[in-house]
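Biologist: Thanks for sitting down with me. Could you walk me through this model, one piece at a time?

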Amino acid sequence: MIRDIIAGIFISLGTIFYIIGVIGNFRFGYILNRIHAAGIGDSLALGLFIIGCIILNGFTSTSLKLIVAAGILYFTSPISTHMLAKLEAETNPDLEKECEVEK
């Protein structure tokens, strides 16, 4: 019973952070701000979800698979976010209107 409550708290917190990330994606107008909101939401919310699922199910082979999947996402998410930001910076001719640019 206590394990279910603790797992529910972690999963609920993960849901809240995902909702905050989605709201940030709709609220922000510029792509770099949206990338930031999505990246924060993914990293924190996924970790809370994984912890909640591991607490709920106990440490089994499924938990190990969840940890591996989270590890892969933690390595690939910042790389993809960086590549999207770099593409935006290189291809947007009006970048100076949106943010401060060093020359």
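Modeller: Gladly, and please keep in mind that this is a predicted model. Let us start with helix α1, which covers residues 2-27 and has 26 residues.

Biologist: What distance does α1 reach from its first C-alpha to its last?

Modeller: At 1.5 Å a residue, α1 would be expected to reach 38 Å.

Biologist: Which residues of α1 are buried, and which helix do they pack against?

Modeller: The buried residues in α1 are Ala7, Gly14, Gly21 and Gly24. As for their partner, the buried residues of α1 pack against α2.

Biologist: Let me pick Gly21 from that helix. Why does Gly21 count as buried?

Modeller: Gly21 sits in helix α1. A residue counts as buried when its relative accessible area is under 20%. Gly21 is therefore buried, because its relative accessible area is 8%.

Biologist: How far apart in space are Gly21 and Ala7, C-alpha to C-alpha?

Modeller: Both Gly21 and Ala7 are on the buried list of α1. Along the sequence, 14 residues separate Gly21 from Ala7. In space, C-alpha to C-alpha, the separation is 21 Å.

Biologist: On to α2, then. What does α2 reach from its first C-alpha to its last?

Modeller: Helix α2 runs over residues 31-57 and has 27 residues.

Biologist: Which helices do the buried residues of α2 pack against?

Modeller: The buried set of α2 includes Ile35, Ala45, Leu48, Ile50 and Ile54. Several glycines belong to that set too, among them Gly39, Gly41, Gly47 and Gly52. Buried residues of α2 pack against α1 and α3.

Biologist: What separates the C-alpha atoms of Ile50 and Asn25?

Modeller: Ile50 and Asn25 are 25 residues apart along the chain. Their C-alpha atoms are separated by 23 Å.

Biologist: Which residue just after α2 takes a positive phi?

Modeller: The phi in question is about 85 degrees. The residue that takes it, just after α2, is Gly58.

Biologist: Now α3. What reach does α3 have, and what is expected?

Modeller: Helix α3 covers residues 61-91, with 31 residues. At 1.5 Å a residue the expected reach is 45 Å, and the reach in the model is close to this, at 45 Å.

Biologist: Which helix do the buried residues of α3 pack against?

Modeller: Ser63, Ala70, Ser77 and Glu88 are buried in α3. The packing partner of the buried residues of α3 is α2.

Biologist: Which residues is Ser63 in contact with, beyond four places in sequence?

Modeller: Ser63 lies in helix α3. Ser63 counts as buried because its relative accessibility is 1%. Leaving aside neighbours within four places in sequence, Ser63 is in contact with Ile54 and Gly58.

Biologist: Let us step back to the whole chain. What pattern does the chain follow along the sequence?

Modeller: The chain has four helices and zero strands. Read along the sequence, the pattern is α-α-α-α.

Biologist: What radius of gyration does the chain have?

Modeller: The C-alpha trace spans about 55 × 25 × 15 Å along its principal axes. For a compact globule of 103 residues, the radius of gyration would be near 13 Å, but the chain has 17 Å.

Biologist: Last one: what percentage of the residues count as buried?

Modeller: The chain has 103 residues. Those that count as buried make up 22%.

Key: Residues numbered from 1 in each chain as written. Predicted model: local features only at pLDDT ≥ 70, side-chain atom pairs only at ≥ 80, totals over all residues. Heavy atoms only, no water. Helix = DSSP H or I, 4+ residues; strand = E, 2+ residues; numbered from the N terminus. Rg over C-alpha atoms; globule rule 2.2 N^0.38 Å. Buried < 20%, exposed > 50% of the residue type's maximum accessible area, 1.4 Å probe, protein only. Expected span 1.5 Å × (residues − 1). Contact = heavy atoms within 4.5 Å.
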